[in-house]
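Me: Hi! Can we go through this structure together, starting with what sits inside?

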Amino acid sequence: MPISGKIIPMPKLYLETVGCQMNVLDSELVVGSLRRHGYELTETTDDADVIFFNTCSVRQHAEDKIYSALGRLRNHKNKFPDAIIGVLGCMAQKDQDLIKKRAPHVDIICGTGQLAQLPTLIKDARDTGALQIALSLDRTESRHEVERSFESYDPMRDPSMRPNRFQAYVRIMIGCDKFCTYCIVPSVRGPEQSRHPEQIAAEVRQLADEGVKEITLLGQTVNSYHHGSSRLSDLLARIHDTAGIERIKFITNFPKDMTDDLLQAVRDLPKVCPYLHVPAQSGCNEILKRMKRMYTVEFYRDMLSRCREIVPDVAISSDFIVGFCGETEESFAKTCDLVGEAKFKNSFIFKYSPRPGTRGHELYDDDVPEEVKKRRNNDLLAIQNAASLQDHRRYIGQRVEVLVEGPSKNAWKLDANGPLQLTGRTRTDHIVVFDGNPRLAGQTMEIDIDDATSFTLYGKVVTGEQIAVGECCEMPVEIGERIALPLIG
Ligand code: SF4
C-alpha cells in the first residue's frame with residue numbers, strides 16, 4: 001500500500017505441512033488467519049518473514065524431516081535475525097524441550113489447539129525476542145476450552161490453501177480416546193471431542209456458498225462422532241440437503257464403531273459416497289491385542305461383510321502396520337491372508353516406528369529388524385497391488401461418474417501438441433485419468449472406463465457430455481493448450 005510515495009511490501013509467510021488431512025486443514029486455517037493480518041504466501045524460506053512448519057508425530061521419519069529443515073535454517077536466522085521461525089502442531093505439543101535443545105533458534109512453539117493465537121505470538125516474539133510457547137491443549141484441559149478451539153479459527157479458513165476450490169475438509173471432531181498402543185495422537189491431539197452439529201452445518205453451508213461441491217468430514221475416528229444424541233448418521237442426514245453440495249465423504253473410521261445406522265445412512269443418502277476407509281492394522285489377533293485395537297480379526301471380517309451387505313458396491317480401503325513389536329512370520333502371514341481376501345480398493349501400509357510417549361514404546365521391544373519390516377512392507381504391498389488391480393479391472397467397460405479435479409500430475413510431461421490429461425475421482429474414491437479440457441475442473445462428468453492399473457482407471461469422456469460442457473465454457477481451451485492450473489492427481 002503506497003504511503004508517502006513508498007510501497008510497503010506485504011510480510012511473507014512460508015508454511016510447510018507434514019502429516020494427515022487434519023494438518024492440511026489446520027494449515028488452511030493458519031494461512032487464512034495470517035492473510036487477515038496482511039501476510040502473503042511465499043514458496044521459499046529465502047524471502048519469508050515468518051517460517052512455519054506444521055508438524056506430525058505419527059512417525060519418526062516425519063519428525064526427522066522437520067529437525068533437518070530446522071537445522072538448515074540456523075544460518076538463515078543468523079543472517080536474518082528478524083525472521084520468525086515456528087514449529088506448530090503435534091511435534092510442538094509433544095516435544096517442546098527437545099525442540100528448544102535441538103533448534104534454539106526457533107521463536108514459536110505452538111500446539112494444535114492454539115493456532116488461533118499465532119498473530120499475537122508472532123508480534124510478541126518480535127517485540128520481546130523471547131521464545132513464545134502456546135501449548136495448553138492437553139488431556140487435562142476442560143471440555144469447554146477444547147470446544148472453544150473449534151470456534152476460534154474455523155471461520156477464518158482460506159480457500160486458496162485447498163488443493164482445488166471444489167473440495168474441502170470439514171473437521172467434525174478433534175482428539176481420540178482409543179489409545180492404541182503404537183499411536184501418539186491421543187497425547188498430542190487431546191481427548192475426543194465432537195463439534196456441535198449446528199456449527200458443522202453452518203460451515204458446510206458457507207463452503208457451499210463459496211462453490212465447494214464435495215466435502216470430507218474429518219475425525220481421527222470419525223464414526224465415533226456423537227454430540228448429545230446426535231451421531232454421525234444424524235449429522236449426515238442434517239447436512240445432506242445443503243444446496244450446492246454434491247458429495248459427502250468421511251474419514252477415518254474405527255472398525256468397532258461401524259454401526260448399522262451409519263451404513264444405512266451411506267446407503268440411503270444419495271450424496272453420501274459409498275467409500276469407507278476402515279484401518280485394520282493387522283490380521284493377527286495377538287498383534288491386535290498388543291496394539292489395543294479392541295477387536296479381533298473375526299470381528300473385522302464380519303464388519304466388512306456387514307458393510308458390503310448393507311451398502312452394495314461400497315469401496316473399502318484400509319491401513320496396516322507391519323513389523324509391530326512381537327510380529328512373527330506367522331502373524332504377518334495372517335495379515336497377508338486378510339489383505340489377500342478382503343478386496344480392499346487400496347491399503348496404506350506403514351513400517352512400525354516406535355514413538356516415545358506411547359504405551360507400545362513403554363511395554364514392548366521394537367524387536368522386528370528394519371530389513372524384515374522393509375521386506376514385509378514390500379510383500380504386503382505386492383498382495384494389495386494385485387487386489388487393487390483386480391478391483392480396478394472390474395470397472396473396464398463400465399461408465400462412472402467423476403468429479404474433475406484438474407490436470408493430472410503427468411499432464412505437463414506430454415507432447416505439447418497432445419491432448420491434456422485430466423484427473424478426477426469417482427464416488428467410490430477411485431482415481432480416473434482421461435483427456436479433456438482443463439476448464440472441466442469442478443464439473444461432474446461421465447467417463448467410459450477402458451483401461452486400469454493398480455492405482456488408476458483410464459477412460460474417455462462420454463460423447464455428448466464433452467460438447468455440453470464445452471458450450472458452457474466462456475473461454476474454451478483448445479486441445480494441447482497449456483494453462484496455469486495447480487497440478488493435482
Ligand atoms: S484410533 Fe488408535 S490409531 Fe486412531 S488416532 Fe486413536 S489411538 Fe491413534
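Predicted model: local features only at pLDDT ≥ 70, side-chain atom pairs only at ≥ 80, totals over all residues.

Me: Great. How many residues does the largest nonpolar core have?

Reply: That core has 53 residues. Among those with the most contacts inside it are Ile172, Leu232, Phe250 and Tyr300.

Me: And which helix gives the most to it?

Reply: Helix H12, residues 297–310, with 6 residues.

Me: Where does this core lie?

Reply: It lies between domain 2 (162–273) and domain 3 (284–393), because both of them give residues to it.

Me: You mentioned Tyr300. What is Tyr300 in contact with?

Reply: Leaving aside its neighbours within four places in sequence, Tyr300 is in contact with several residues, including Pro255, Val278, Tyr295 and Phe344. There is also a second, separate core of 21 residues, which includes Tyr14, Ile51, Leu70 and Leu73.

Me: OK, new topic: helices. At roughly what angle do H8 and H9 cross?

Reply: Their axes cross at roughly 35° and come within 10 Å. The crossing is right-handed. On the H8 side, the contact is made by Pro197, Glu198, Ile200, Ala201 and Val204, and on the H9 side by Leu235, Arg238 and Ile239.

Me: What classes of residue are in that contact?

Reply: The contact of H8 with H9 has 6 nonpolar and 2 charged residues, with no polar ones.

Me: Now H10 and H12: within what distance do their axes come?

Reply: Within 9 Å, and they cross at roughly 35°. The contact of H10 with H12 has 3 nonpolar, 1 polar and 3 charged residues.

Notes
Residues numbered from 1 in each chain as written. Heavy atoms only, no water. Core = buried A, V, L, I, M, F, W, Y, C linked by side-chain atoms within 4.5 Å. Buried < 20%, exposed > 50% of the residue type's maximum accessible area, 1.4 Å probe, protein only. Helix = DSSP H or I, 4+ residues; strand = E, 2+ residues; numbered from the N terminus. Domains from an automatic or database assignment. Contact = heavy atoms within 4.5 Å. Axes fitted to C-alpha atoms, helices over the stretch in contact; angles between N-to-C directions. Left-handed = near helix turned anticlockwise from the far one by under 90°. Nonpolar A, V, L, I, M, F, W, Y, C, P; charged D, E, K, R; others polar.
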